[in-house]
Protein chains: 4
Amino acid sequence: MRETTTSTPAGRGRGAARSERARQAILTSASELIARDGYEHLTIEGIAARAKVGKPTIYRWWPSKSALIAECLADDTLMQEDFAPPDTGDLLADLTTWYRDIAAFLGDPGNAALIRSLIAASIDNPLVATELTQHLGAGPEALHGRFRAAVAAGELRADVPIEALVDLITGGIMMRIIDRTGLRPGDSEAFVRALLGPLLT
Amino acid sequence: MRETTTSTPAGRGRGAARSERARQAILTSASELIARDGYEHLTIEGIAARAKVGKPTIYRWWPSKSALIAECLADDTLMQEDFAPPDTGDLLADLTTWYRDIAAFLGDPGNAALIRSLIAASIDNPLVATELTQHLGAGPEALHGRFRAAVAAGELRADVPIEALVDLITGGIMMRIIDRTGLRPGDSEAFVRALLGPLLT
Amino acid sequence: MRETTTSTPAGRGRGAARSERARQAILTSASELIARDGYEHLTIEGIAARAKVGKPTIYRWWPSKSALIAECLADDTLMQEDFAPPDTGDLLADLTTWYRDIAAFLGDPGNAALIRSLIAASIDNPLVATELTQHLGAGPEALHGRFRAAVAAGELRADVPIEALVDLITGGIMMRIIDRTGLRPGDSEAFVRALLGPLLT
Amino acid sequence: MRETTTSTPAGRGRGAARSERARQAILTSASELIARDGYEHLTIEGIAARAKVGKPTIYRWWPSKSALIAECLADDTLMQEDFAPPDTGDLLADLTTWYRDIAAFLGDPGNAALIRSLIAASIDNPLVATELTQHLGAGPEALHGRFRAAVAAGELRADVPIEALVDLITGGIMMRIIDRTGLRPGDSEAFVRALLGPLLT
DNA sequence: CGATAATCGAGACGGTACGTCAGGTCTTAGG
DNA sequence: CCTAAGACCTGACGTACCGTCTCGATTATCG
C-alpha cells in the first residue's frame, strides 16, 4: 500500500486511537458501492450505512468523496490489478503485451465502468488521477522505467520525450473509455505501431 | 451549428409552438453557469432561475444536464473556438501549430476548467465527448482529414492507423487537463515529435 | 378554528396551490407525536415521516417546531377541550366549576404531560402561550369576560385589576403543572377562596 | 449553599478524589453559557470545552443538563439574587416591596431570559423548579413564612390556604415571563391588591 | 512503598436530527 | 397545448451534539 493521502492518524496526543476497523469498513464499502453503482450514485450516506459507521466518522477523516476514493486506490482496496509492461528486451512486444492486458481488463464492461467512474473522480481530485495511472502501470516506476530502460539499451533514441510519450499512450486509453468506444485486444498493435512504428515515409 | 441532439421541435399539431426565446435563454444560461461554476455545481434549478424559465420546460426538452450541455456545444453557445490544423503541406509543422493554439487556449485557467467540466459531462454522455473532440479539431473533418491528406501526399505511410493516432494525440491533451499538469506551448513540439518523429534507433 | 399563525397560502399568483392534504397530515402527525412523546422528543423528521411528507414541505410553511404547535392548537387538532367558566350569576361557584373541570382534565397524567409540553413550546414561542391560555379558558372571551360580567352585575368591585387576576389564576395552574405537584379537584375551592375570598381580617 | 442534588462524592474506596477544580469550572461554565445563550443552546459539549474538562467528567457526576442546572442554582453560581419579603408588620406593603424587587430584576431583559431558561429546565426536572422558586423567595422559608407570620399576627385569616396563595402569586410571575408580557414595577400593587385586597362587594 | 484504583483530559465512535439544496414530477393559470 | 410558476416527495448533503467508550496520565489511598 502506498500512503499518499492526508488521512494519517497523526501523532495522537491523548484520547482514543483511530479505529482501524472503521477505516477498513469504510474503504471496503466505498469500493463495493462505486464498483456496483458508479461514482455518480456513490453517497457518503450509503457508504456509512453499509460500513455501519456514522457519517461524521467519514467526514472526520476524509474531506471529500474523491479523497476517500483516492485512498481506496492507494490502499489497493478498490483495484487489485496493477498493470506493468514486462521487460524482455523487445520494447514493442512488451508494450503490446501490456496494452493487451489492459484491453482484456477493460473488455469486462464492469471494469470499464469502474475506470470511467475513476476518471470522474479524478476530475475533482487530481490525486485520484495519480493513483489511477499508477494502477494502469503508467506511473514513474512502470512505464517510465520501461522507456528509460529502452533508452539505456539503445532501443530508443536518447532524446525521446518520455513524459509526453507516457501521456500520449495513457491518454489514448482514457479517450476510448470516455467516449465508450472501447479497446479491443487487436487494437493493441495499432496503438503501439501508431506510437512507435515508423510513420513518416 | 450542427444539430446532433434530440430536441427537435417535431411536427406539432395544435397549441403554442416551442418558444425559441426559452430555448436560447436556457442554452445561454447553462453556458454561463458551467463556465462560471463548473459542471459539478451546475444545477437545473440554477439554469431555470437564470433563464427565467420553469424547470419542467427544461425537462421537457432535454433528458439530462449532459444532453443540455451537448446541445450548448453543438449550438456553439458554450465554446466559440473551433480548432483545426492548417494544411501547408508540412504535417509536423501543421500539427505543432494546432497543438500550440490549443495549449495557448488552455493556458487560461478558466478555459482549462471549462474543458475539465466538459470531460466530466462526457462521462455520463458520450455525445458531449463527440462534440468536445469536434471543437478541439479532433473530429473526422479536421484532424482525420489532415492525416488522410498527409497519406495522400505521401507524407505519411499508407498503413498508418489514423484512428489510433487521433485518439493518442487527443488523449494526450485530455490527460494533461485531468491531472492538472497543464500544457505549455513548448510542449507542443515534444508531443508532435513523440508521436511522429523517429523514435526507434 | 382561530387563524392566528402566519402560514396563510397568500395571494398565489400561478403555480400549484398549497396542498390541504399535506397541511392536515402534518398538523395531525405533530399532534399525535407531541401527545405521545412530549415536546422534547418531537422532531421535524418524525413528523414528516409520519405525515408522509418531505421535510422541506414543513419548513416551507412553518419557521419552527413551536410555530407548528401553535397552529395545531389554533386549528383544534391538538386539543379539543376548550374550557370556559359558566355564568350562573354566582362568580365563586362558576370559577370553582371551571377550575374543577381543568383539574379533572389534568388528573389524567397524559393530559398533564401534554400541557407541560405546551408550556415548553410556549417558552420559545409566545404564540403557543396565547393559544394555550385560550384553550384553558383564560383568554379574553372566557375568563376576562366572566370577570367583566361580575363587575357589571355588581358582584365584583369595579376597580378590580382583571388582567392581574387572570394571570394569577392561570399562573397558579401552570405552577402546579411545572413542579408536577398536580391539581386535585378538591384544590379548586382552596384556589378560588384564596383568590376571591376575604383574606384579611 | 443548599445541597440538594445527587452529586455526592460518595464513600470512595481508593483512588483519586473528585476534583473540586473540575466541579467548579463546570458549574461556572454552565452558568455563563446558559446566561449568554439560553437553555435551548446549552450543550454539554460546550460546557466541557469551556471548562476544559472531558465530557465523561460531566456525565460521571450529573445525569442530565437539567440536573447540572439545578446544582448551579443550589450552589448560587447561576443566580446570586435571593428575593424574600421583609417583615415590617404590614403584609400588603411587604408583598409589594418584594414584588417590586422582582419586577425590577426582571426589567433587565437578560434576567428575564435567564428565568425563562430556568422555566424550560424546570420542565424536564422539577428540582430546578424547586430551586427557582427558592431564589424567587417563594420557598417555605420566605413567602410561606411571611404568610404564617401574618396569620400569627392576626393580619390574615387563620383559614387562609397558604399553599394555594403562594402558588397563585408565583404562577402570576411565571405567566408574565412565559408570555413575555413582562412585569412593570407599577404592576406590583395591582397584583397584591388583586390577591389580597377586598374584591367582592 | 509500591500496587491498586478511581479520576482526569482528550477525543474517536455509532447515532440521530438538524436545516438546506437539488432532483424530477405534478398541478394550476395564462396565453 | 405550451409556458411560467411553484408546490410536492424524495434523498443526500455537511454539521452539531448526543451519550458511550477507550486511551494514557495523574493522584491518592491501602495493603
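Across the interface of domain 1 of chain A and domain 2 of chain A, zero salt bridges are found, a salt bridge being a side-chain nitrogen of Lys or Arg within 4 Å of a carboxyl oxygen of Asp or Glu. Five residue pairs, both at pLDDT 80 or more, are in polar contact there (a pair of N or O atoms within 3.5 Å; within protein, one must be able to donate a hydrogen and the other to accept it, and residues adjacent in sequence count only if both atoms are side-chain atoms). This is a predicted model, in which local features need pLDDT of at least 70 and side-chain atom pairs count only at pLDDT 80 or more, while totals for chains, interfaces and linings use all residues. Residues are numbered from 1 along each chain as its sequence is written, chains are lettered from A in the order in which they are written, and side-chain values use heavy atoms, without hydrogens and water.

Where do the two domains lie? An automatic or database assignment places domain 1 of chain A at 13-74 and domain 2 at 91-199. Their C-alpha centres are 29 Å apart. The contact (heavy atoms within 4.5 Å) draws 10 residues from domain 1 of chain A and 12 residues from domain 2 of chain A.

About 870 Å² is buried between these domains, with 70% given by carbon and sulfur atoms; buried area is the accessible area (1.4 Å probe) that two parts lose on being put together, summed over both. On the side of domain 1 of chain A, A:Tyr39, A:Ser66 and A:Leu73 lose the most area to domain 2, together 58% of what that side buries.
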